[in-house]
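Dear colleague,

My findings follow directly after them.

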Amino acid sequence: MSFRPANKEACVRLTWSLAALAIAAQPAAAHHSFAMFDANKTLTLKGTVTQFSWTNPHVYLFVDVDGTTWGVELTSPGNLTKVGWTRNVVKPGDKVEVEVNPLRDGKHGGGFRQMTLANGQVLRARLFDLEGKAS
Amino acid sequence: MQDSATLAALALLLMAGPLAAQTRPNDAPKPAPTAKDWAAVAALPDWSGTWVPLMSDQSAQIQTNPTPWKPEIQKQVDFWNAEEEAGRPNGLLLNCLPHGMPSFMLITHNAIEVLPTPGRVTILGESDGNRIRRIWTDGRAMPDDPDPSFHGYSVGHWEGKILVVKTKAILPQVYIAVSEAVGIPNGGDMVIDERIHLLDPETLAFDLMITAPHVLTRPWQTRRIFHRRRQRSHEIVEGVCRQGDFFEAKDKWGNPIFVPATQENGNVLPPGK
């Protein structure tokens with residue numbers, strides 16, 4: 001599966017796809033159970049945002065941790081908007097700490113739990129945790 | 001000349017045959033709604049705003065009021081539950097087809113809107129433009145044999161402040177789902193009776209009676225709850241499910257376009273693979 005990026009855009013796409021591949025022990029494209037993530041384990045990823053994809057049906061956050069790209073899956077843009085997120089809440093280059101439930105198969109992906117920004121702000125997004133608190 | 005007239009008449013007859021066959025009974029144009037019709041809508045219970053599903057109650061309902069699966073179907077449910085517990089969830093919605101009924105009401109994680117207009121109530125979901133129910137409240141009878149669809153054919157009427165709905169003609173492949181990973185195709189002949197009403201000014205209840213003779217031992221009575229939000233932050237937004245199947249890219253002129261992501265067994269692979 002060798003792949004040689006030919007230009008900047010290809011590099012971006014490679015980053016995106018490798019991260020998606022890392023997360024893709026199960027089909028990654030659509031809404032689904034989060035059972036592929038181990039709810040009994042928590043990892044904290046300290047790194048730099050490489051991409052924040054504000055796309056349906058799931059938003060993806062890609063974080064470089066010591067040269068390894070991790071893919072982190074969140075809920076939909078619509079649901080995130082309801083709990084105060086925007087598509088500009090983070091951008092490539094931002095330093096973040098992201099708490100995830102890791103993929104059970106050990107690949108570099110996880111289900112989002114919460115994220116701490118460089119300014120100390122903590123963002124949460126799990127709908128069950130926030131249910132009833134948005135009014 | 002007479003031959004020409006005969007030929008023309010024959011041609012007309014030939015054309016009229018198929019056209020006549022396509023003429024439907026009872027297809028007279030509906031009169032435009034009147035001010036009185038709109039006033040009647042204004043008198044209905046206020047269900048405006050965005051309705052957010054109470055997801056924790058969706059799960060609780062399944063625990064306290066489980067689906068009455070037939071024994072042989074329960075074995076399939078047990079299998080899919082075990083698969084999910086083992087970290088191998090069955091992605092019922094991965095193909096981006098609609099939830100369909102009744103799963104749209106049973107397990108949605110996204111908000112809905114309920115829009116009354118003269119002769120109709122429309123329910124719009126946030127996930128995709130294909131999460132949509134049209135409930136006809138214009139007094140029509142249930143058609144004899146409507147085309148099967150994901151959400152079925154729904155006819156309703158108001159009993160005071162309760163919208164009473166019957167839905168038939170749901171595709172047999174459509175799941176009765178208890179989660180996004182566990183569901184069983186209804187198998188056909190399903191009928192869903194609903195009573196939709198406010199429990200309090202900000203809580204909307206969907207009381208469903210699901211009759212699915214191929215998979216259930218008896219009609220299943222269950223309730224789903226939605227809470228109202230009126231903030232702009234809660235307004236329904238577009239949610240195109242298949243957007244995640246595409247990469248953002250540029251064409252040879254530099255225009256921003258979507259290109260299909262390469263996938264293998266649902267896994268996204270690098271472009272060009």
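D189(B) is exposed, its relative accessible area being 57%. This residue belongs to the loop between β8 (183–185) and β9 (191–200) of chain B. Although D189(B) is not a glycine, its phi is positive, near 65 degrees. Please note that the model is a predicted one.

A positive phi, about 70 degrees, also occurs at C96(B), again a residue other than glycine. C96(B) is buried, with a relative accessible area of 6%, where buried means under 20%. The loop between α4 and α5 of chain B holds C96(B).

That loop between α4 and α5 (103–107) of chain B also contains P102(B). The peptide bond joining M101(B) and P102(B) is cis, with omega about 5 degrees. In chain A, the bond from N56(A) to P57(A) is likewise cis, and its omega is near -5 degrees. P57(A) sits in the loop between β1 (43–53) and β2 (60–65) of chain A.

Turning to the largest pocket, its space amounts to about 1,300 Å³. Its lining comprises 50 residues, and those nearest the centre are S33(A), F34(A), F128(A), M55(B) and H109(B). At least two lining residues come from each of α2 (77–82), β5 (109–117) and α3 (127–130) of chain A, and from each of α3 (55–64) and α4 (71–85) of chain B. With five residues, α3(B) provides the largest share of this lining. By type, the lining residues are 20 nonpolar, 22 polar and eight charged.

Yours sincerely

Technical notes: Residues are numbered from 1 along each chain as its sequence is written. Chains are lettered from A and ligands numbered from 1 in the order in which they are written. This is a predicted model: local features need pLDDT of at least 70, side-chain atom pairs count only at pLDDT 80 or more; totals for chains, interfaces and linings use all residues. Side-chain values use heavy atoms; hydrogens and water are left out. On a 1 Å grid over the protein atoms alone, a cavity is a set of points where a 1.4 Å probe fits but cannot get out, and a pocket is an open set with protein on both sides within 12 Å along at least five of seven lines; lining residues have an atom within 4 Å of a point. Grid points are joined across faces, edges and corners, and a volume is the space filled by probe spheres set on the points. Helices (H or I, at least four residues) and strands (E, at least two) are DSSP runs, numbered from the N terminus. Ala, Val, Leu, Ile, Met, Phe, Trp, Tyr, Cys and Pro count as nonpolar, Asp, Glu, Lys and Arg as charged, and the others, Gly among them, as polar. Buried means under 20% relative accessible area, exposed over 50%, partly exposed in between (1.4 Å probe, protein chains only).
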